[in-house]
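I opened this entry to keep track of what I looked up.

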Amino acid sequence: PILASAHENGCIYLWSIQGNLLKEILPFSNYHPVPLTALCTDISTKMLLAGSKKGHIMCWSIVSFLEDPQNSKNKIKEELSWMAHSAEVVDLFHEEQKNVVVTASVDGSVRLWHAMNGCYLGYFGQPRKFELTGISRLILPCDVINFSTTTEEESKHIEKKSIQVPLVLDRDK
């Protein structure tokens with residue numbers, strides 16, 4: 001068994017039951033790391049999903065890592081990330097049989113997404129039925145203005161570099 005914990009620094013830590021840190025995952029992104037607010041896996045624990053304070057959903061393939069966590073060659077691959085809400089994600093789960101991800105936000109919305117490509121399927125309370133077979137057209141929630149799913153080859157740990165910029169008083173300015 002592995003324990004996963006999400007943190008305010010944007011990292012996910014994978015722990016052994018004995019309390020030993022096995023792996024640190026930093027979401028691969030062009031943006032600064034944001035606090036992670038929700039975590040879940042699918043039933044077969046092949047995928048790990050996380051929601052962020054900024055409304056993003058990230059998805060990793062963890063199956064090869066779980067086969068042998070002690071082997072450093074076994075990678076955790078970030079498969080997909082997308083903007084799901086304009087506010088903090090408070091909960092999410094992956095329904096493996098229907099291949100959907102359900103997300104909930106502090107704004108009170110509960111939304112349904114296609115798990116393999118992050119396409120928006122609808123929200124709970126909408127007047128139309130959910131269309132789960134074949135996505136005919138791209139629909140976005142009204143508060144998400146761009147569809148930006150990204151698929152990455154492999155998550156890489158990004159080292160934080162500290163830059164020292166001394167303050168200099170320029171009396172001429």
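**Pocket.** I began with the second largest pocket, which holds about 180 Å³ of space. This is a predicted model. I listed the lining next: Asp42, Lys46, Met47, Leu49, Cys59, Glu79, Leu80, His94, Glu96, Asn99, Ala115 and Met116. By residue class I get six nonpolar, two polar and four charged.

**His94.** I picked His94 from the lining and looked up its surroundings. His94 sits in strand E8 (residues 89-95). Is His94 buried or exposed? Its relative accessibility is 11%, so I note His94 as buried; the cut-off is under 20%. Which residues does His94 touch, leaving out those up to four places away in sequence? I find Cys40, Asp42, Leu49, Asn99, Val100, Val101 and Ala115. Of these contacts, Asp42, Leu49, Asn99 and Ala115 also line the pocket.

**Backbone angles.** Most residues other than glycine have a negative phi. Asn99 has a positive phi, near 60 degrees, and is not a glycine. I place Asn99 in the loop between E8 and strand E9 (100-105). Its relative accessible area is 22%, so Asn99 goes down as partly exposed. Asn99 is also one of the pocket-lining residues and one of the contacts of His94.

Thr45 is another non-glycine residue with a positive phi, about 50 degrees. Thr45 belongs to the loop between strand E4 (36-41) and E5. At 36% relative accessibility, I log Thr45 as partly exposed.

**Aromatic pairs.** How many aromatic pairs does a search of the whole structure find? I get three. In one of them, Tyr13 and Trp15 have ring centres 6.1 Å apart and planes at 55 degrees, so I class the pair as tilted. Tyr13 is buried, at a relative accessible area of 15%. Trp15 is partly exposed, at 25% relative accessibility.

Trp82 and Trp113 are also a tilted pair, with 6.0 Å from centre to centre and 50 degrees between the planes. Why does this pair tie together parts that are 31 residues apart in sequence? Because Trp82 lies in strand E7 (residues 77-83) and Trp113 in strand E10 (residues 110-114). Both Trp82 and Trp113 are buried. I traced the ring pairs onward: they link Trp82, Trp113 and Tyr120 into a cluster.

**Whole chain.** I count one helix and 11 strands. From the N terminus on, the order is β-β-β-β-β-β-α-β-β-β-β-β. The chain has 173 residues, and 36% of them are buried. Among contacts with a separation of 6 or more, 41% come from residues 24 or more positions apart.

**Confidence.** The chain averages a pLDDT of 78, and 73% of the residues score at least 70. Residues 152-163 have a pLDDT below 50. Beyond near neighbours in sequence, that stretch has 15 contacts in the model.

Notes
Residues numbered from 1 in each chain as written. Predicted model: local features only at pLDDT ≥ 70, side-chain atom pairs only at ≥ 80, totals over all residues. Heavy atoms only, no water. pLDDT = per-residue confidence, 0-100. Contact = heavy atoms within 4.5 Å. Phe/Tyr/Trp six-rings, centres within 6.5 Å; stacked < 30°, edge-to-face > 60°. Buried < 20%, exposed > 50% of the residue type's maximum accessible area, 1.4 Å probe, protein only. Helix = DSSP H or I, 4+ residues; strand = E, 2+ residues; numbered from the N terminus. 1 Å grid on protein atoms, 1.4 Å probe; cavity = no way out; pocket = protein on both sides within 12 Å on 5 of 7 lines; lining within 4 Å. Points joined across faces, edges and corners; volume = space filled by probe spheres on them. Nonpolar A, V, L, I, M, F, W, Y, C, P; charged D, E, K, R; others polar.
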